[in-house]
Amino acid sequence: MKKFFTPLTFLIGFGFITACQKAEDPFVPRVVSPVLVQVMGAPYQMDFATEPTVTLDGTKATTLIARILELDKTNILDHTKGIDSIPVANLPVKLTLRNGTQIGEATTDSKGIVTFAMTWAQLGISTPASGNRAAISWKGEYKGQAFTRLSAVQVK
């Protein structure tokens, strides 16, 4: 009887050890962005899971503006101070269509503001009509970590 329990105990113990492997989370395959990208002109961006959409006049050239901020969480536990939003200056940012076509590249100013001026045709909308929409991405790299912020531009 003793010989039977020893192999069985070994198999059960081995089963517990191999069953306790750390598995990757299949529902969150993303890395946290090193910066906060606020798309100016879009409605209030409280839900960062959605795409901010800027609505612009289709008869004029477009200007897209974003503010890039680093979130300093040093004082996160002190309710009198909280998190600081620090503008990221001199950061190269690329604006692309979702298919990868680069629209332009610009650098943030001292206030963390980056501005892109372009035509509707550059956004893939040759004849702007009300409701036309272009899906875009703001891309860059900060402190060695890449980031992408999805947004859209819509014809008013």
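I began with arginine 98, which is partly exposed in this predicted model, with a relative accessible area of 35%. I then looked up its partner: arginine 98 forms a salt bridge with glutamate 51, with the closest N and O atoms 3.1 Å apart. Glutamate 51 lies in the loop between S1 and S2 and arginine 98 in the loop between S5 and S6, so the pair ties together parts 47 residues apart in sequence. I noted glutamate 51 as partly exposed, at 29% relative accessibility.

I next followed glutamate 51 to a salt bridge with arginine 133, at 3.2 Å from N to O. This pair also links distant parts of the chain, since arginine 133 belongs to strand S8, 82 residues from glutamate 51. I recorded arginine 133 as partly exposed, with a relative accessible area of 43%.

I searched the whole structure and found 3 salt bridges. One of them joins lysine 143 to glutamate 70, the closest N and O atoms being 2.9 Å apart. Lysine 143 sits in the loop between S8 and S9 and glutamate 70 in strand S3, so parts 73 residues apart in sequence are tied together. I listed lysine 143 as exposed, at 65% relative accessibility. Shared partners join Glu51, Arg98 and Arg133 into one network.

I turned to the strands and traced an open sheet of 5 strands in the order S2-S9-S8-S5-S6, with mixed pairing. S2 and S6 are its edge strands. S5 and S6 pair in the antiparallel sense over 5 bridges.

Finally, I examined the largest nonpolar core, which has 29 residues. S8 supplies its largest share, 4 residues. For phenylalanine 116, I noted contacts including Leu64, Leu95 and Trp138.

Notes:
Residues are numbered from 1 along each chain as its sequence is written. This is a predicted model: local features need pLDDT of at least 70, side-chain atom pairs count only at pLDDT 80 or more; totals for chains, interfaces and linings use all residues. Side-chain values use heavy atoms; hydrogens and water are left out. A nonpolar core is a set of buried Ala, Val, Leu, Ile, Met, Phe, Trp, Tyr and Cys residues joined through side-chain atoms within 4.5 Å. Buried means under 20% relative accessible area, exposed over 50%, partly exposed in between (1.4 Å probe, protein chains only). Helices (H or I, at least four residues) and strands (E, at least two) are DSSP runs, numbered from the N terminus. Contact means heavy atoms within 4.5 Å. Two strands pair if DSSP finds at least two bridges between them. A salt bridge is a side-chain nitrogen of Lys or Arg within 4 Å of a carboxyl oxygen of Asp or Glu. Lists of a residue's contacts leave out its neighbours within four places in sequence.
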